[in-house]
Amino acid sequence: MESKLPLTQKYKPKSLREIVGQEEAIKKLSDFVLNYSKQKKKMAFVYGPSGTGLTSSVYGLGKDIDYEILEINASDLRNKDRIDVIIKPAITQYSLFKKGKIVLIDEIDCLTVKDRGCLQELAKLAEGSSFPIILSANDVWNKKLNTIRSKTLLIEFKKLTIASIIKILEEIARKEDIQIEKNVFMEIASKSSGDVRAAINDLQLLSYIEPTSKKNITEEDLKILGYREKSENIFNSLKLIFKSKDIEVVKAFDNITSMNMGEFLFWVDENLPLEYKHKDLEKAYNSLSLADIYSKRIMNWQHWRFLVYINLFLTLGVALSKEKVNPDYISYKKPSRILKMYIQKQKSLKKMAVVEKLAKKTHTSIKRARHDFEIFKIIFTNSSDEIKEDLAKELKLKEEEIEILN
Ligand SMILES: Nc1ncnc2c1ncn2[C@@H]1O[C@H](COP(=O)(O)OP(=O)(O)OP(=O)(O)O)[C@@H](O)[C@H]1O
Ligand SMILES: [Mg+2]
């Protein structure tokens with residue numbers, strides 16, 4: 001049984017030596033950290049396209065020079081109290097074992113506009129920092145970051161060249177024993193637009209093709225990665241995934257939107273053992289768990305761009321896990337208890353989000369707003385579309401939050 005880790009995780013660079021194609025950036029980064037006491041700017045800002053080694057480089061450097069990485073969640077910058085409790089001690093206290101330390105605030109562009117004041121606060125604190133502080137973002141020129149950008153040493157990461165990506169893919173394919181024709185590497189690499197994470201995920205998906213055959217993966221197989229069309233409902237989507245082994249299967253996904261994606265995962269999970277047996281089943285669960293890993297990252301970190309990987313592992317990965325299609329008719333089961341729990345949880349999360357917005361707008365406590373929620377719901381439901389729209393705008397309600405009010 002192969003590892004359940006995504007290949008991107010399994011082959012995460014363990015040292016700066018394993019970071020491909022970012023020589024200049026890495027040199028700047030190492031210099032910043034190693035000569036920190038001499039730096040005029042007390043924060044470095046690594047930025048560039050997604051999947052090019054921003055996060056990996058910081059961790060790689062930490063390993064190389066035996067520094068601890070203290071990663072601070074960007075959301076901890078949201079208010080001054082959190083900054084005092086979390087950031088302040090982090091940049092002033094020496095670690096237990098007198099190891100060096102790098103403070104990493106990853107994906108700082110996830111902050112919302114209203115957090116700008118906190119960035120100022122961070123910049124002020126950084127002036128007296130004893131430890132290198134590294135920020136990361138894809139878009140460093142984002143207006144939100146205006147207050148802080150000039151106080152940082154900018155370190156640009158570049159899109160990887162096709163040649164560099166091919167090199168990375170070939171190495172992984174060799175270690176994983178994935179047989180692939182040369183021009184397929186070329187295709188994946190050029191499709192990735194310089195994003196190594198995307199390229200490696202494509203490779204992982206292709207590795208699900210013909211698990212036991214000796215045949216190489218060809219350009220023909222590759223077509224499945226680019227194919228999209230609509231299908232109708234959950235049952236059809238399940239059927240597509242379980243009963244086919246070809247490009248048709250990606251059709252399954254476009255109607256499973258981000259909102260019910262978590263739900264669809266349960267559907268696949270519930271019905272998989274009815275369709276697949278033994279090795280196929282094991283392999284399909286493996287792919288499902290990869291989808292699940294990415295979906296947790298979306299839930300915890302709001303990394304919506306990972307959605308595409310969930311889609312692919314959930315559809316293609318599962319479909320390609322079988323050696324042969326089971327010809328029997330199977331009537332699919334609705335996932336029972338656990339799905340109900342999940343839906344209930346989603347609902348209460350959405351309700352809580354509305355309650356919070358209500359509390360803020362009406363300057364009342366959460367407790368009070370929770371009490372008022374039912375009244376608000378009745379008013380909302382019975383309002384004209386125009387008023388609904390106004391209310392939604394006023395409270396900045398998201399689509400799915402409006403849904404629970406209707
Ligand atoms: N320059 C690189 N050399 C080798 N592998 C890389 C490189 N960049 C990315 N990877 C691969 O892609 C994965 C994701 O990289 P990383 O976490 O560094 O992304 P990132 O640049 O921080 O992107 P994001 O902004 O989306 O977080 C790594 O685990 C590694 O497998
Ligand atoms: Mg990153």
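Q: How far does a polar side-chain atom of Thr55 lie from an oxygen atom of ligand 1?
A: This is a predicted model: local features need pLDDT of at least 70, side-chain atom pairs count only at pLDDT 80 or more, totals for chains, interfaces and linings use all residues, and side-chain values use heavy atoms, leaving out hydrogens and water. Residues are numbered from 1 along each chain as its sequence is written, while chains are lettered from A and ligands numbered from 1 in the order written. The gap from the polar side-chain atom of Thr55 to an oxygen atom of ligand 1 is 2.8 Å.

Q: Which residue has a side-chain N or O atom 2.5 Å from an oxygen atom of ligand 1?
A: Thr8 uses a polar backbone atom, 2.7 Å from a ligand 1 oxygen. The side-chain atom at 2.5 Å belongs to Ser50.

Q: How much of the area that ligand 1 exposes alone does the protein bury?
A: Taken alone, ligand 1 exposes 620 Å² (Shrake-Rupley, 1.4 Å probe). The share buried by the protein is 94%.

Q: Between which domains does ligand 1 lie?
A: The shell (residues with a heavy atom within 4 Å) holds 9 nonpolar, 8 polar and 5 charged residues. Both domains give residues to it, so ligand 1 lies between domain 1 (22-156) and domain 2 (161-226).

Q: Which strands stand at the edges of the sheet?
A: Five strands (DSSP runs of at least two residues) form an open, parallel sheet in the order 2-3-4-1-5. Two of them have a single partner strand each, so one side of each lacks a neighbour: strand 2 (67-72) and strand 5 (152-156).

Q: Which residue of strand 5 stands opposite Ala44?
A: Strand 1 (43-47) pairs with strand 5 (pairing needs at least two bridges) in the parallel sense, over 5 bridges. Opposite Ala44 stands Leu153.

Definitions and conventions. Polar contact = N/O pair within 3.5 Å; in protein donor to acceptor, adjacent residues only side chain to side chain. Nonpolar A, V, L, I, M, F, W, Y, C, P; charged D, E, K, R; others polar. Domains from an automatic or database assignment. Helix = DSSP H or I, 4+ residues; strand = E, 2+ residues; numbered from the N terminus.
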